Amino acid sequence: MKKIVTIAPITSTLRLLAILLICLVSVEAANNDSPIVVLIPGDAASMLEAQFDKPTTPHVYCAKSTHGQWQTVWTPPRSQFVPGRIDCWTDTLTLRVVANRNETNTTNTTNTRNPMTTYSIENGPGINIRAVQGEAGLQLKDGNQVDNVYAALLDFLKHELGATVHVATYDFRWSPAGNPQFVQELRYMIETAYRNQFQHQDNDFKHSSSSPTKVTLLSHSLGALWVHYLLTSGAVSSAWKAQYLHAWIPISPAYGGAVLDLQQLVSGFDAGISWLSPRDFIRQQRSFESNVWLLPAPQLYGNEPLVTLYKKKKKPTVTTTSSATTSSTVSTRKMKQEKRTKSLLRHRRRQPNVPYDSLSYEIDTIYSALNYSQLFIDSGYDLYPVYDQRISHLTRWNATDDDFDTDPKTPLFQLQDPQVPVWPIYGGNQSTVAGYQYYGSLNSSTPELIYTTEGDGTVPQRSLTAGNGWSQAQRSCQIMGAGHNAILSHPDAFRRVQTVLSSSSSITLA
């Protein structure tokens, strides 16, 4: 008996193939419709590696060479943070100002006292430093946490929203003056991310039948200054913005700088490492272009007091023995009382211009953003004019018609409009440094801090909100109680990001 073999009709087979083809096309379309995000992290958030062969070192026990290998220098192991050895690490990262006679360079700064001399800012002799590229290069951690502060945000973008994320790490020591290539690299990353969605369509994105997904820029902190520079410096045109960009989401933007940055340049900041002195870090901190770029902007802060220097009152002349004895006794009693008061209140919040021992000190000098030159002369930061000439024009401001004398907190200038849709996210109601008070000397004492609750714990509110008046700025998302870095993992911030990205593609809101 013959076996009967049944052959499916040709039409059924074709129908099955058609269904499979439709599924494949649907998957491809879904891939093309996924959001595209370029993340620009903030200050100190990128891992840095160094390769060096130094002619000299600060101490005999400092390594002079990496023997051709790249070593991580940011963030360094805790073993580097000990007296003496810290000098080895700071020497590697410190930028140098180099005087060049009879040379011209568009990135150099001319010496106004000697026009034949220009200054360039470079790595130390024999030192090469690079940022680790991509997501692996994200390094910023908050406190003792294990993961970097961007981990939760990246997980949400990739796994919850299915977004394609590109991370633009960079050497955060520089500004666009010293690292103009990063601006070009950022532009190229955006263009490449946009074009990659058509790689399965014969690279002919102009004739694609589906609507292309534009790129959303997502910046944090200092990253906002880099994005603003890209969009306002002439590096890209209006047509370029319209073709490639969907929106810009600045998180905790430091548009107008941060008062917290002042301490690094005036007297040094020990980063909370109590067994080291702020002076161990000050040479390195003063060498970073980005620290000058992050100073409170004069256009935004005007003549508001930022640093107040108190000096000891002069003792009155005593004419009689009995009065001298009485005065000495009273003075000793006052000194003991003031010492106890200062000890008790050292870590408490205070109002501006109220020194702990006001009976012994009086105001000597008040510094604002309008007299940085005098502040840094008085604090011994001799190279500030070189940095200021390189940095001062990077963030563009437009004059307003407001009367500054009527309200000192009303800015005379507004940030130049980037002409793209902007969806700001920032925190609030966090204790934020609003000023410093020094007693005796700017460069030999640790300052007392003045706090305000108008900020995110790092950046004051006036700096966070400086872009809220732009023509395409959307309603801001302020999350009260969220800190500068903690906001990166806040559910409300995720919801705002999801809202913005949902309009760039076909994803469905949860």
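Predicted model: local features only at pLDDT ≥ 70, side-chain atom pairs only at ≥ 80, totals over all residues.
Strands of a sheet pair through backbone hydrogen bonds, either parallel or antiparallel.

## The three-stranded sheet

S2 and S7 are part of an open sheet of 3 strands, which follow the order S3-S2-S7 with antiparallel pairing. Strand S3 (71-74) and strand S7 (127-131) are at the edges; each has a single partner strand, so one side of each lacks a neighbour in the sheet. On average, and ignoring direction, neighbouring strands of this sheet are turned by 40° against each other.

A helix also takes part in this region. Helix H2, residues 86-93, packs on the sheet and touches S2, S3 and S7. The direction of H2 makes about 90° with that of S3.

## Strands S4 and S6

Another antiparallel pair is formed by strand S4, residues 96-101, and S6, with 6 bridges between them. Within this pair, Asn100 has Thr118 in S6 as its bridge partner.

His228 is found in helix H5, which spans residues 223-232. Its relative accessibility is 1%, and buried means under 20%, so His228 counts as buried.

Which residues does His228 touch, apart from its neighbours within four places in sequence? The contacts are with Trp248, Thr395, Arg396, Leu415, Gln416 and Trp470. For one of these, Gln416, there is a polar detail: its backbone oxygen is 2.8 Å from a polar atom of the His228 side chain.

## The chain as a whole

The protein chain contains 15 helices and 18 strands. Of its 510 residues, 47% are buried. The accessible surface of the chain is about 25800 Å², and carbon and sulfur atoms account for 52% of that surface.

How much of the contact between separated residues links positions 24 or more apart? Among contacts in the chain with a separation of 6 or more, 75% are between residues 24 or more positions apart.

Notes:
Residues numbered from 1 in each chain as written. Heavy atoms only, no water. Pairing = 2+ DSSP bridges. Helix = DSSP H or I, 4+ residues; strand = E, 2+ residues; numbered from the N terminus. Buried < 20%, exposed > 50% of the residue type's maximum accessible area, 1.4 Å probe, protein only. Contact = heavy atoms within 4.5 Å. Areas by Shrake-Rupley, 256 points an atom, 1.4 Å probe, with all protein chains shown as cover. Polar contact = N/O pair within 3.5 Å; in protein donor to acceptor, adjacent residues only side chain to side chain. Axes fitted to C-alpha atoms, helices over the stretch in contact; angles between N-to-C directions.
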